[in-house]
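Me: I have a model open and would like to go through a few points of its geometry. May we start with the terms?
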Amino acid sequence: MATPTIPIPDHVEGAFDETQPPKFRGTYLEKVHGWVVTVDHKKIGLMYISYALIFLLVAGAEALAIRVQLARPENTAISPLVYNRIFTMHGTTMVFLVGMPILFGFGNYLIPLMIGARDMAFPRLNAFSFWISAFAGILLYYSFIGGLGLSGTGTAPDVGWFAYAPLTEKPFSPGHTVDYWAVSLLANGIGSIGTAINIIATIFSMRCKGMTLFRMPLLPWVYLTMSGLVLVAIGPLTAAQVMLLVDRYLGGHFFDTQMGGSSILWAHFFWIFGHPEVYILVLPAFAFANEIIPVFSRKAIFGYPAMVAATVGIGFISLGVWAHHMFTIGMTSFGNAFFTLSTMLVSIPTGIKTFNWLATLWGGKIRFTTAMLFSVGFLFQWLIAGLTGIMLSVSAWDWQLHNSYFVVAHFHYVLVGGILFMIFAAIYYWFPKMTGRMLNERLGKWHFWLMLVGFHLTFDLMHVPGVLGMPRQIYTYQADRGWTVWNEFISLGGFIQGAAVLVLVYNMVHSYFRGAVAGPDPWDGWTLEWSTASPPPDYNFAVEPVVASRRPLWDLKHPEDPDSAVE
Amino acid sequence: MGTVPLQHLQDEAAWQLPSRGRVGMYALIVAETAVFTIFVVAYLYYLGRDQWGPTPKQVLELPIFNTVCLLSSSLFIWLAERAIEHDNVKRFSLWWGITFLLGAIFLAGTAREWYKLIVHDHLTVRTNLFGTTFYSLVGLHATHVIVGLFLLAVVLALALTGRIGQKHSERIQVLALYWHFVDAVWVVVFTVVYVVGR
């Protein structure tokens, strides 16, 4: 039997596909039309990311509005009514219109490139999922204009991002604000499920020759787990939204306590979605770390099989921990013990991951690019976020601190210190691939250090007023509470983070036009996306790749010592 | 030109991946199962907590005929799948048509049941928790039947106009997978609503 081979040219540079896409010549209108009707996974991925970044700025501005209001005791910078809307919209936007779309965007863009495919499994479903998610975001924000359903009296949902019943029922939330919230999340959920189905089918059915599941880069593995979680977690949210709409429009009684309905059932349904959602958001952050840390440590990832097992393990365990959000609602002691223990169990696979990243760094030839700086910041902050998570998983401790700013500090440590930091790292790492231009490293360092200082100023200090008893979602507080100084510095940190994000925005716009040309492989990477042009042509690969190891580009660059020889 | 031997890929033809349609449909079924689970949980949770009637015991009748129709349609769609695999379009159209008919009878049966409940027993979504949960759960399933019937009708129209052949066999099977799922859900709904809940 003839041994199949892949041809490689004499020198490494030639190993890359440098086919240039034809220069697009057309009017602006044709360009816009091209983007609207596209089914190309790269364009859809970029639209997801851009859409999410715009909402990141919006929801960030909302966060700053909250911080302005809380900076001084008995402040009246914004009215209580507006305050409720702002924190509801901040939470809903950040989770559903920033977190999920940006992660789906990177997944959409990277997964086909990493597994050597030319597109996702269902390109049209992909476009549908994006556009229905985009519709959901616009609908949610349209509520500012049309929320009450009366002319001239715009408003927005004001029930908190978890929208506990019976506050959301018709008698307590008249008008259409909650309807906008529910329909928007329903539509967004359909988009999420569509993309999750697409990612799963792509990974199972579109891998290039030789790319067995255990030769996949870790990023597709993590996205596979994340998509599985989306399938089982978004369903309950969708079902709960339908029930809420049945209550509000058809006069049903699901969460109508006067007719025997249960508000606790809403809490259960919401958190059956809500806790896996945390992992849906954080798993892609892990995925970015899995790709970025090895490349900038110049070592293969430590413990690949353990990483896969830990990822899938986190996926399964995260389905059985939801009621740790409900310790204070009141459960049996068995329930308390069960959810305390299951929550602690998550720390085992997460710990495995952390140690594997550290072991990857250990002895490596580390290059501190901006992407790597953000990754190291992530490692440190993710550890602390996990530790406060273990504290809160103890039901007795949670009774003391539930709904306090300690909890707010904890989950912002996860969402900002963990996820957002890795999203920034991913932007610095893959921006050259997506646009063909490098982001400016000097501005990147400014971005990183401002973000780091601002983040720690805000969220380290935020734990303290929590322990001192400051409840979340409160509009204001008296001066004699002893929370004033803390809140001043927290707000200051918020503005520093805002400045950091503006540096990123400037950097992205500036580098898009003026940045250094990246070339196909600026970081000396090992996965397939670096083997094609930057930005990749529509068809991704001129020749469909064939791989023989986990690091196909390493094999090409180092034929004397290929991974495939030892695998 | 140098070459790198591929040590683990002996036979390129052996590189077989599962069909994306099938994987996609299985994934959709997982998501749908999660949705139905929540509605079933809500139904069971609120069972017997009504403040006033009518209760399931007073008004629900076992829809035996309906159930037989829907479940047997799974058998006929399987026969249709086999027929198209053997490129027998005539037989495929026959079995496919029967499947559609059985599904339509089921839907008509549900409509009759609802008519009786609403007009004679005065049970609506607003009446009590039973009304809310019953119409939601059974309605959700009926919605899936309607979607299924629409898809079946499209394929039937294509088959009758001679535009379906053996090469569509896999797509037909993926669609049939959805119909099997709708039938399987009915087993759960039937058990929960008409057996356990009555």
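Reply: Axes are lines fitted to C-alpha atoms, for helices over the stretch in contact, and angles run from 0 to 180 degrees between N-to-C directions. Helices (H or I, at least four residues) are DSSP runs, numbered from the N terminus. This is a predicted model, in which local features need pLDDT of at least 70, side-chain atom pairs count only at pLDDT 80 or more, and totals for chains, interfaces and linings use all residues. Residues are numbered from 1 along each chain as its sequence is written, and chains are lettered from A in the order in which they are written.

Me: At what angle do α10 and α12 of chain A pack?
Reply: The angle is about 160° between helix α10 (residues 370-393) and helix α12 (residues 405-435) of chain A, and their axes are 8 Å apart. α10(A) and α12(A) are therefore roughly antiparallel (over 145 degrees).

Me: Which residue classes make up the contact of α10(A) with α12(A)?
Reply: The contact has 16 nonpolar, 9 polar and no charged residues. Ala, Val, Leu, Ile, Met, Phe, Trp, Tyr, Cys and Pro count as nonpolar, Asp, Glu, Lys and Arg as charged, and the others, Gly among them, as polar.

Me: Another topic: is A:L53 buried or exposed?
Reply: A:L53, in helix α2 (residues 41-70) of chain A, counts as buried because it has 20 C-beta neighbours inside 10 Å. The cut-off for buried is 20 or more other C-beta atoms within 10 Å, with C-beta atoms placed from the backbone.

Me: How far is A:L53 from A:V98 in space?
Reply: Their C-alpha atoms are 6.8 Å apart, while 45 residues separate A:L53 and A:V98 in sequence.

Me: What ipTM does the predictor give the complex?
Reply: The ipTM is 0.93, and the pTM is 0.93.

Conventions:
Helix = DSSP H or I, 4+ residues; strand = E, 2+ residues; numbered from the N terminus. Parallel < 35°, antiparallel > 145°, perpendicular 65-115°, else oblique. Buried ≥ 20, exposed ≤ 12 C-beta atoms within 10 Å, placed from the backbone.
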